[in-house]
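Visitor: Hi! Could you walk me through this one?
Guide: Happy to, let's have a look together.
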Amino acid sequence: MFVEVEPLRGDLDTSVPISDDRSALRAGRRHRLTAVATPYMYLAPALICFALWVYWPLAQTFRLSFVRWNLLPTTPSVGVGLANYRHVLRLPQLQQAAETTGLYMVGLLALGVVLPALIAVVTQGLGSRAQAFYRSVLFLPVLISPVVAATLWSFLFAPNGGAVNSILGNVGVSPRNWLFDPTTAPLSLIVIAGWKVLGASILIVSAGLVNIGPEYYEAAALDGAGRLRRFTEITVPLLSPTLLFLLTTAVLVAEGQIMFPLIDTLTSGGPSRATTDIYYLLYSLGFTSFDVGLASAAAVVFFVAFAATAVPCLGLLERFSRYQD
Amino acid sequence: MARIRLHHITKAYGDTVALDDISLDVAHGELLVLLGPSGCGKSTLLRVMAGLIHPDRGGVEVDGRDVTTLPPRQRNTAMVFQSYALYPHLSVRRNLGFGLRAHRRPRTEIEEKVADVAARLGLDRLLDRRPRELSGGQRQRVALGRAMVRDPAVFLMDEPLSNLDAQLRTATRMELAALHRSLDATFVYVTHDQVEAMTLGTRIAVLDGGRLQQVGTPAQIYDEPANVFVARFLGAPPMNLLPAVASSRDRRVLLEGAALSAVLWEGEVAERAVTVGVRPERLRIGGAGAAGARFRSRVVAVENLGNDEVAICQAAEERICVRGPRPLGLRAGENVELVASVDDLRLFDPASGRRMVWVPDACDNHKLPAGTVHDVR
């Protein structure tokens with residue numbers, strides 16, 4: 001007679017249960033509760049800050065965009081429906097501010113994304129000491145407060161005796177009043193902002209370059225790809241998540257956070273509103289004209305416009321960042 | 001045709017010498033395995049052949065043409081990387097075709113070749129996937145396909161199987177051997193795995209510390225190791241090595257050690273220290289009157305390998321392993337006398353580590369003093 005062999009069991013003795021202790025069960029339940037709560041507790045500080053400083057003001061802006069109010073606690077706010085929005089969209093300053101913002105963005109794209117990418121790629125081949133020196137020098141402006149930077153640059157751009165004019169004078173360019181000429185003022189601000197974001201951008205691109213494994217270049221070299229093909233077919237596509245990240249931060253974020261103090265310190269939006277971008281327009285509507293409803297309505301309009309720009313960027317970022325495992 | 005010759009290749013990184021005066025000749029159609037522990041310079045040597053690293057001194061010659069200063073693209077070599085290095089942003093199809101595109105081949109030719117290689121490697125249905133959507137084994141095939149698609153004269157492989165699990169590794173190893181037979185190309189294959197080296201290689205070059213230790217067929221490397229490093233590097237467990245003193249009495253050469261004694265062959269020798277080597281599977285459990293070398297030892301542990309058993313024994317100050325079909329019939333704590341025939345003993349110079357052979361007294365070569373032990377290379 002054949003008898004099937006029983007597979008050997010992994011446990012040594014099944015007759016004794018491992019534990020039948022009530023308190024252990026209770027402790028287990030408590031443990032499970034903690035386990036569920038732990039990730040939220042870690043997230044809490046960030047979520048609270050976001051709610052307090054981002055989402056709450058955003059909600060307030062939405063609410064204020066439907067009222068007329070002059071910011072004084074003693075004055076009541078009056079609900080006006082969509083009147084603020086109608087007014088905002090007809091504002092003549094709006095189009096000019098939008099154009100200036102576009103100009104700033106193009107400038108920041110060149111100085112905050114393209115130029116740093118090129119510098120990072122070129123300095124990648126340098127020795128580690130030269131590389132560290134270059135990058136530290138270029139990173140220094142990031143650490144200088146925008147207001148201090150603006151003041152320093154106002155000396156450089158000064159019409160009489162400023163370094164910019166004297167240097168350009170040597171090559172035959174006639175002196176200009178850079179910050180008070182409607183054609184040169186926006187460009188001057190772009191140069192200052194670019195100088196400030198350049199270092200951080202180089203650092204980000206360099207980090208992205210380091211992440212591209214050297215074996216891809218070796219494989220491409222063996223496959224017969226020359227320098228140019230390796231750059232266009234390996235470096236650029238594998239760097240694209242970094243570049244997209246930079247595009248969103250350098251262009252959208254820097255436009256708001258670096259330009260504003262520069263405009264406020266150097267030109268106050270002038271001459272003849274030539275340097276007023278959207279952020280500065282919002283600020284002047286709200287805190288110079290004290291028309292909170294109008295400023296809020298404008299803010300909502302631009303929140304939507306910026307979101308419409310940022311969402312596809314983030315979508316692309318998400319798609320490209322999935323290259324690597 | 002691709003015959004590779006390396007002349008006195010030397011490469012140093014700061015004070016670390018990665019490659020120390022390596023000369024090597026790889027015949028056309030050979031599968032030469034570069035074997036050694038990590039950091040022995042085998043990957044560096046492969047990269048020198050690929051043109052990814054330029055040697056400080058020495059030259060690389062392919063079919064009589066000096067390629068030392070040529071960039072990789074002009075060498076007609078392809079490489080399979082340990083990490084596969086598949087371009088993560090390109091589909092399998094574009095990964096396979098990358099090299100042909102870089103060489104500006106016509107589109108129809110690229111499509112044809114890619115389809116051909118994909119069919120040979122069973123990748124047809126994966127052509128539109130990205131590398132991250134492939135399993136480890138599939139990625140390995142794509143890496144291999146990317147090398148094959150250009151019909152290179154030389155395939156350079158840097159531990160191509162090390163990222164696969166054990167079963168897949170064995171299967172892929174056999175496929176690689178079949179591929180080598182079917183392609184009219186020279187393979188240079190880097191590994192630290194002695195099983196891969198023994199099974200795949202037509203010849204093996206063993207490296208250690210940037211120096212070539214021995215070059216030979218797998219049988220030569222295993223049976224006639226040039227030095228104690230090679231003897232210890234191959235074999236599972238590796239060759240047993242014990243110190244002893246060689247002397248002669250009544251015109252016979254004898255070996256005496258703390259736990260060993262052996263009567264070798266007829267001859268005279270001045271008393272000298274030697275290292276005695278014997279493979280674990282060549283040791284037998286002694287009975288009365290067995291001739292050859294005897295090792296007195298005590299069993300420390302017995303390992304069950306399924307088909308075989310390995311008994312780890314203590315012989316005076318040294319560990320000695322014996323391997324044989326299961327059951328060996330040994331138990332821990334037991335005293336055992338292990339026996340090896342004289343033919344299975346290998347003798348090494350304790351100072352240089354090099355293996356020595358016996359040149360008999362009646363040797364035709366009159367230049368050699370009678371009964372001398374000589375180093376072999």
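Guide: One term to start with: a residue counts as buried if 20 or more other C-beta atoms lie within 10 Å of its own. Also, this is a predicted model.
Visitor: Okay, so is Gly97(B) buried or exposed?
Guide: Gly97(B) has 25 other C-beta atoms within 10 Å, so it is buried.
Visitor: Where is Gly97(B), and what does Gly97(B) touch?
Guide: Gly97(B) lies in helix 2 of chain B, residues 92–102. Leaving out residues up to four places away in sequence, Gly97(B) touches Ile110(B) and Val114(B).
Visitor: What about helix 1 of chain B, how many of its residues are buried?
Guide: Nine of the nine, so helix 1 (residues 42–50) is largely enclosed by the rest of the structure. Among them are Lys42(B), Arg47(B) and Met49(B). Just after helix 1 of chain B comes Gly51(B), with a positive phi of about 95°.
Visitor: Switching topic: which residues touch the most other members of the largest nonpolar core?
Guide: That core has 165 residues, and those touching the most other members include Ala193(A), Ala298(A) and Leu34(B). Helix 7 of chain A, residues 185–210, gives the largest share of this core, with eleven residues.
Visitor: And which residues does Ala193(A) touch?
Guide: Not counting residues up to four places away in sequence, Ala193(A) touches Leu108(A), Ala254(A), Ile258(A), Met259(A) and Leu262(A).
Visitor: Last one: what is the mean pLDDT of chain B?
Guide: The mean is 87, and 94% of the residues of chain B reach 70 or more. Over residues 364–370 of chain B, though, the pLDDT is below 50. For the complex, the predictor gives an ipTM of 0.79 and a pTM of 0.75.

Technical notes
Residues numbered from 1 in each chain as written. Chains lettered and ligands numbered in written order. Predicted model: local features only at pLDDT ≥ 70, side-chain atom pairs only at ≥ 80, totals over all residues. Core = buried A, V, L, I, M, F, W, Y, C linked by C-beta atoms within 7 Å. Buried ≥ 20, exposed ≤ 12 C-beta atoms within 10 Å, placed from the backbone. Helix = DSSP H or I, 4+ residues; strand = E, 2+ residues; numbered from the N terminus. Contact = placed C-beta atoms within 7 Å. pLDDT = per-residue confidence, 0-100.
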